[in-house]
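Colleague: Could you walk me through this model? I'd like to start with the inside and then look at the rings.

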Amino acid sequence: MSDRLKILPQYLLPQQRLTALAGRIARARGGAMTTRLIRWFVTRYGVDMSEAAVPDIAGYATFNDFFTRALAPGARPIAPADFVCPVDGAISQFGAIDDHHILQAKGHRFTTTQLVGGDAALAARFRHGSFANLYLSPRDYHRLHMPCDGELRRMIYVPGALFSVNPLTARGVPNLFARNERVVCVFDSPDHKTFVMVLVGATIVGSMATAWHGVVNPRRTNRPSEWDYAPGEVVLKQGEEMGRFLLGSTIVMLFEPGVITFNEDWAPERKVRLGEVMGRRP
């Protein structure tokens, strides 16, 4: 069966309603029922609770509390590097931006302008730059951290579809990451120019949250929203938490030309961990 046939049901499912229902379940304080749900999830996906700050699954009041759990101190040391990996997950694709096109999967590309919600001037900064798409599976740690120091300039909420973002769907749905709901965070770096971190939503992803704003999309709408930030208002250091997914998804990063040379050990589908070397300045 082709990838497109396998993902056909996603076009037919009521994505918004399913996601809203999953969000309500994930927020519910269900006592023993919540603990049973967490225990099933840990077993089903092989979640390593020994790395968690609270390893006892009975210590979580809601599924969201468990899913966005903190790591134990020292579980992810930050490597001495210009850029470090911002998440636990797997590499979907990475490399050079071809003019303004980003590789999603074999046979599928999308543009930087589409990704950032139609802002051609912002997208132009990354022409012939670099990108990285990192996928977070259900078993992964779901907080997002800074790859380098950055000062927040803008945040843009872009409404969209809610397809799954797993590797199968990435191969089968054109423009997936520029089609799904997303939150675009634009940073300036004293050493690495302007870079963008895009949090991509997906089916049953309850919400996306940032460290400075909280939940960005509590009520999904068809209208974009944008926030501007004054100099010095939100400044984050390398390795600091910048956001989290309430259920799993993908993060896409854009860098200007001549800013990053990726880790030679990186390759598509390779597992990555928060804090490992992502790249260096050329």
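Modeller: What follows is a short talk about cores, contacts and ring pairs.

Modeller: This is a predicted model, where local features need pLDDT of at least 70 and side-chain atom pairs count only at pLDDT 80 or more, while totals for chains, interfaces and linings use all residues. Residues are numbered from 1 along each chain as its sequence is written, and side-chain values use heavy atoms, with hydrogens and water left out.

Colleague: Okay, how many residues does the largest nonpolar core have?

Modeller: The largest nonpolar core has 36 residues, and those with the most contacts inside it are C185, F187, W212 and M242. A nonpolar core here is a set of buried Ala, Val, Leu, Ile, Met, Phe, Trp, Tyr and Cys residues joined through side-chain atoms within 4.5 Å, and buried means under 20% relative accessible area, with exposed over 50% and partly exposed in between, using a 1.4 Å probe and protein chains only.

Colleague: Which elements give two or more residues to this core?

Modeller: They are strands, including strand 5 (130-135), strand 8 (182-189) and strand 14 (241-246). Strands (E, at least two residues) and helices (H or I, at least four) are DSSP runs, numbered from the N terminus.

Colleague: And what does M242 touch?

Modeller: Not counting residues up to four places away in sequence, M242 touches a list of residues that includes C185, F187 and W212, where contact means heavy atoms within 4.5 Å.

Colleague: Switching to strand 5, is S130 buried or exposed?

Modeller: S130 is found in strand 5, and it counts as buried because its relative accessibility is 11%. Among the residues that S130 touches, leaving out those up to four places away in sequence, are G95, M253 and F262.

Colleague: Now the rings: how many aromatic pairs are there?

Modeller: The count comes to 16 aromatic pairs, where rings of Phe, Tyr and Trp (its six-membered ring) pair if their centres lie within 6.5 Å, and planes under 30 degrees apart count as stacked, over 60 as edge-to-face and the rest as tilted. The rings of F41 and F67 have centres 5.9 Å apart and planes at 75 degrees, so this pair is edge-to-face. F41 lies in helix 3 (residues 32-45) and F67 in helix 4 (residues 63-67), so the pair ties together parts that are 26 residues apart in sequence.

Colleague: What about F63 and F67?

Modeller: F63 and F67 form a stacked pair, 6.0 Å centre to centre with 25 degrees between the planes, and both of them are buried.
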